[in-house]
Amino acid sequence: MHGLMKSIIPEAEMMDFKEFLAMLDQQEKTFLLRNEIILSFEEYCDVNGKDDDFRTGSGMYAFLRKVQEMFIGKTHTVVMHRYAVARYRFYRLRNDAEYMEEISVPTFLNLKDKHVTKGRTEGSELHLDFLPFYDFSPSIRDTKKVGNGIRFLSRYLCANIFQNPREWKRRSFDFVKLHKYNGQQLLVNGDVIENFRHCIEEMETVIAWLKAQNPETPYGEVAAHLKRHGFEPGWGNTVGLIIENMEMLEELINEPTDVMLETFLSRVTLPMISKIAILSPHGWFGQENVLGKPDTGGQVIYILDQVRALERYLKEKLSLTGLDVAPEIIVITRLIPEADDTTCDQRKEKIHNTDNGWILRIPFRDQNYNVVPHWISRFHIYPYLERFADDAEAELLREFEGRPDLIIGNYTDGNLVATLLSDKMDVIQCTIAHALEKTKYLFSDLYWEDMEEEYNFSLQFTADILAMNKSDFIITSTTQEIVGTEYTMGQYESYQFFSLPNLYQVVSGIDLFAPKFNVIPPGVEEQIYFPFYQHEKRVNHKRDAWENRLFTDMTDDIHGMLEDQDRIPLFTMARLDKIKNITGLIEAFGISKTLREKCNLIFAAGTIHVQESKDAEEQAQIRLAYELINKYRLHGSVRWLPSIPKLETGEVYRIIADHGGAFVQPALFEAFGLTILEAMAAGLPTLATTFGGPQEIIVEGESGFLLNTSSPNLIAKTLEQFVNSCREDPDFWKRISEKSIERVRNHFTWRLYSERLINLAKLYGFWRFTVSAQGKYKMDRYCEFIYHFLLKKRAQELEAE
């Protein structure tokens, strides 16, 4: 037996391991993922009468539980072993377990391709490798610190760059004096103050004079004196604040610390971020009548709430600078002439409850520059994005009267356009993925050719790796989005290495340990999502109207009557697509006698009329929903409503809570889950998928429950346990409700989100200006090559079809 094998599997368990491999070799399925491997191991234990110690304490189990993929060939089995978070080893072993060897990433990908294509690969593969282009960036060693890039980077700057005082002073002075607002010089006038030493000399003189003034004296009364010494607006709105900020800069120069650097950048350089462009091209982006339409859901809610929160925060903080600056935030999306009952055909629309937040719509244009009038699926928009970016640049320059200070991309298409604009305009770029489809659609990389006509995954995955590598910083809502959990792979982690057979192999797609990743969970709009028991805030006529619509009204857009309205209402709402898995919840409800007898199922999703949908996947899900309702004879206990307007959802959650119900989020995968936060904030007990972000929202058994949504039986089992607990313990529902509210209040607020996002933009702007711009040159050239000769070429071919 090979020595490598002995180091992994204890000798006493070797016969079991051989027999386990032999069992797998007899199975029809030859490609197994982690969940299937564990289920196969449990089956082996059942057949062979293994005790609990072997099932959970054996070395064989310890190894297998960290195997992410395994594929079995005629003579050899290949294993992807995730021995630690985001760390991998790859093995090839003989099926008789007598020999085992460690193999490289390229070898693993080649073997995987040959296994999937049954040897029909077209010669040597194109290899994409981004890791060599991160040589300019420091690397995080401790995986526990991944997701807190700002703190790591600020410490790195203090420990390394600041060791060269002369260079640090030069760079700091250059950075401070570059700040302008609408052409007005801020902070330091380079024509008056020649260099850093001169700046400090003048600052000391000014501080001494200011200390003789009343600290509450407004900036306007001392502005002329400061200007004579070369200091422009932006240091503060009172004498006391000006002194505090100038002394902070002096202290930072003499004894730099990471906390002081972050504080200085967050306060003194505040005016550097006042104009923000947010990119979200796909779907139906509007404020009314859009939720539930294809490609339109949580991302729209996220961005609209984000805009309101950022404006509030920036207004408050900019007022402290001594400047008359009004923040302006523009969401760039697609103009759709055939807009149905939405405002998506209007060029410009003010965002509700903002002073200067706008939706700016730009049409897609074909290769002849004609406007595309109809909606297009997010999977088919790539041929239009470069022209869209060109038009967006012109519109932003006109609207902002100059460049934006920050560009934020959303989802694959928005991040690709943000990348193009960031390059064109030389502006800081932030990436927010929301959901990376590669982890949602199983084997979408390996079988991309079979899915290309419907999904164009070759374009999407290429755009993803370009944007994530080009971006200055990346925001995620949870840590697991980046590096997963102890036993499961993260969304970004899945881009470390993968293959699109017969197109290219990615041997290193993203450096997860570069300090660009930051976890900032969003919040909820507290004016909309407040606890159900705060009756003084609720509007009676609205409550009555939605009470009737949820339980009794019969209109031509609602399907199903409830025979017994006293049953526990299980409520969900989402788009009707495969991943959101509403049909899986219907089936779980149908197969459970307990749920059918004790509960009603109410769901709001899309439309009940197939002919009203323009999306093939949604149409299929509508038909499936009807089939399941009929199959399990659920008439009288299931009620299907169309999608609910965003501003009404808070009251809907509260009404379900009034009835002692629960919110169920049955998605096969959920990157984060804003609806989960919203339901919890209303005090509605929530059961949500364990696959993805909900793991970091819900404290299992305390503030909610996690569902294994891989099968309807498993969904039903957890729902039954919840329902039975509510029946057996009168206080059970109330305890979960109270803990849900507490969890959201303590950990998920838009103010904290806004503060962290703006601070990130400043620190990464400083990093971009002082260090990374030169270091990223090679990365930029590499990405340009991939964009023009791979992504753009394929997009043009798609348009020509």
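## Around Trp 733

Set aside the neighbours within four places in sequence, and Trp 733 is in contact with Phe 532, Ala 657, Gly 660, Gly 661, Gly 683, Pro 685, Phe 722 and Cys 726. Keep in mind that this is a predicted model. Trp 733 itself sits in helix 27, which covers residues 732–747.

Is Trp 733 buried or exposed? With a relative accessible area of 14%, Trp 733 counts as buried, because the cut-off for that label is under 20%.

Two of the glycines on that contact list turn up again when you look at polar atoms. The side chain of Trp 733 reaches the backbone oxygen of Gly 661 at 2.7 Å, and it also reaches the backbone oxygen of Gly 660, at 3.4 Å.

If you're tracing the chain onward from here, have a look at Leu 763. Trp 733 and Leu 763 are 30 residues apart in sequence, yet their C-alpha atoms are 44 Å apart in space.

## Asp 780 and its lysine partner

Now for Asp 780, which you'll find in helix 29, running over residues 777–800. Which side chain does the side chain of Asp 780 make a polar contact with? That would be Lys 470, at 2.8 Å.

Asp 780 has a relative accessible area of 17%, so it falls in the buried class, which takes in residues under 20%.

## The chain as a whole

Zooming out, the protein chain holds 29 helices and 24 strands. Its radius of gyration is 28 Å, close to the 28 Å that the globule rule gives for 801 residues, so the chain is as compact as a globular protein of that length.

Buried residues come to 61% of the 801 in the chain. As for who touches whom, take the contacts with a separation of 6 or more: 71% of them are between residues 24 or more positions apart.

How values were computed:
Residues are numbered from 1 along each chain as its sequence is written. This is a predicted model: local features need pLDDT of at least 70, side-chain atom pairs count only at pLDDT 80 or more; totals for chains, interfaces and linings use all residues. Side-chain values use heavy atoms; hydrogens and water are left out. Helices (H or I, at least four residues) and strands (E, at least two) are DSSP runs, numbered from the N terminus. Buried means under 20% relative accessible area, exposed over 50%, partly exposed in between (1.4 Å probe, protein chains only). A polar contact is a pair of N or O atoms within 3.5 Å; within protein, one must be able to donate a hydrogen and the other to accept it, and residues adjacent in sequence count only if both atoms are side-chain atoms. The radius of gyration is taken over C-alpha atoms; the globule rule is 2.2 Å times the number of residues to the power 0.38. Contact means heavy atoms within 4.5 Å.
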